[in-house]
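Subject: Structure handover

Hello,

Here is the structure you asked for. My notes on it follow below.

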Amino acid sequence: MAERSFNCPNCGAALKAALSHTKLVTCAYCDSSVFLDDEAVKLAGKRGVMADLPSILRLGGRFQYREWRFDVVGQARFDYANGYWDEFWVIVEGAAAEPGRWVSVDEGDIAVETPIEIGGAPDFKRLELGATLTLFDDRFIISELGRGTCNAVRGELPEALEVGQSFDYAHLRSGGARLITLEYDEMGVAASDGVWVDPFEIRPAR
């Protein structure tokens with residue numbers, strides 16, 4: 001994994017070495033989150049308060065899911081109507097061709113997702129729970145619609161999330177375990193393609 005060195009623009013402390021694709025890194029000394037942009041650094045705000053709660057994953061740990069091992073390098077926590085969920089940004093061992101994957105943990109539900117490009121996404125206001133939708137040559141049911149707000153960030157992330165930033169989201173499920181997530185904000189629509197996994201299949205890597 002390629003690394004870069006930066007100093008926090010707020011306190012001057014050395015930041016944890018950043019991966020080549022990292023866009024946001026948090027400073028452990030002054031509680032700032034720092035946006036990395038073309039070798040420049042600028043403050044992106046505070047990293048927020050993230051209470052230590054029981055979780056199958058932890059920042060800085062190495063874990064295994066079936067045939068692949070991954071390092072947890074970043075964490076973002078989001079509030080929504082039913083509580084909160086965590087998004088862990090992970091780097092898969094030996095997968096140099098891809099920047100990383102998201103592992104979403106919402107109580108007992110866990111999904112592994114990879115960011116994808118999407119064109120012609122449906123208008124969020126026209127989506128209805130239980131309706132069907134065809135995307136990427138697959139047929140999905142809209143299983144969840146909601147609004148999330150970023151509560152806190154830690155470590156290294158591939159996008160410049162800001163504490164307090166809100167977005168609308170839609171979860172789409174196929175007849176199997178496949179999951180498409182659509183996130184809507186003022187910048188447009190972001191999408192990820194993933195799969196629901198059995199939490200008992202994720203374990204610390206040896």
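To begin with the strands: β14 and β15 pair in the antiparallel sense over 8 bridges. Please keep in mind that the model is predicted.

The largest pocket has a volume of about 960 Å³. It is lined by 41 residues, and those closest to its centre are E159, T181, E183, A190 and S192. Several strands give two or more residues to this lining, among them β7, β10, β12, β14 and β15. Which element gives the most to the lining? That is β15, with 6 residues. Sorted by class, the lining of the largest pocket holds 21 nonpolar, 8 polar and 12 charged residues.

Last, the charged pairs. Side chains of opposite charge can pair when their charged atoms come close. The whole structure has 7 salt bridges. Three of them are described here, with the positions of their residues.

R66 and E201 form a salt bridge through their side chains, at 2.8 Å from N to O. R66 is in the loop between β6 and β7, and E201 is in the loop between β15 and β16, so this pair ties together parts that are 135 residues apart in sequence. R66 is partly exposed, at 48% relative accessible area, and E201 is partly exposed too, at 23%.

Are the two partners R77 and D86 buried or exposed? Their salt bridge has its closest N and O atoms 2.7 Å apart. D86 has a relative accessibility of 5%, so this residue counts as buried, the cut-off being under 20%. R77 is buried as well, with a relative accessible area of 6%.

D138 and R178 form another salt bridge, with the closest N and O atoms 3.2 Å apart. D138 belongs to strand β12 and R178 to strand β14, so the pair links parts that are 40 residues apart in sequence. D138 is partly exposed at 25% relative accessibility, and R178 is partly exposed with a relative accessible area of 24%.

Regards

Methods. Residues numbered from 1 in each chain as written. Predicted model: local features only at pLDDT ≥ 70, side-chain atom pairs only at ≥ 80, totals over all residues. Heavy atoms only, no water. 1 Å grid on protein atoms, 1.4 Å probe; cavity = no way out; pocket = protein on both sides within 12 Å on 5 of 7 lines; lining within 4 Å. Points joined across faces, edges and corners; volume = space filled by probe spheres on them. Helix = DSSP H or I, 4+ residues; strand = E, 2+ residues; numbered from the N terminus. Nonpolar A, V, L, I, M, F, W, Y, C, P; charged D, E, K, R; others polar. Pairing = 2+ DSSP bridges. Salt bridge = Lys/Arg side-chain N within 4 Å of Asp/Glu carboxyl O. Buried < 20%, exposed > 50% of the residue type's maximum accessible area, 1.4 Å probe, protein only.
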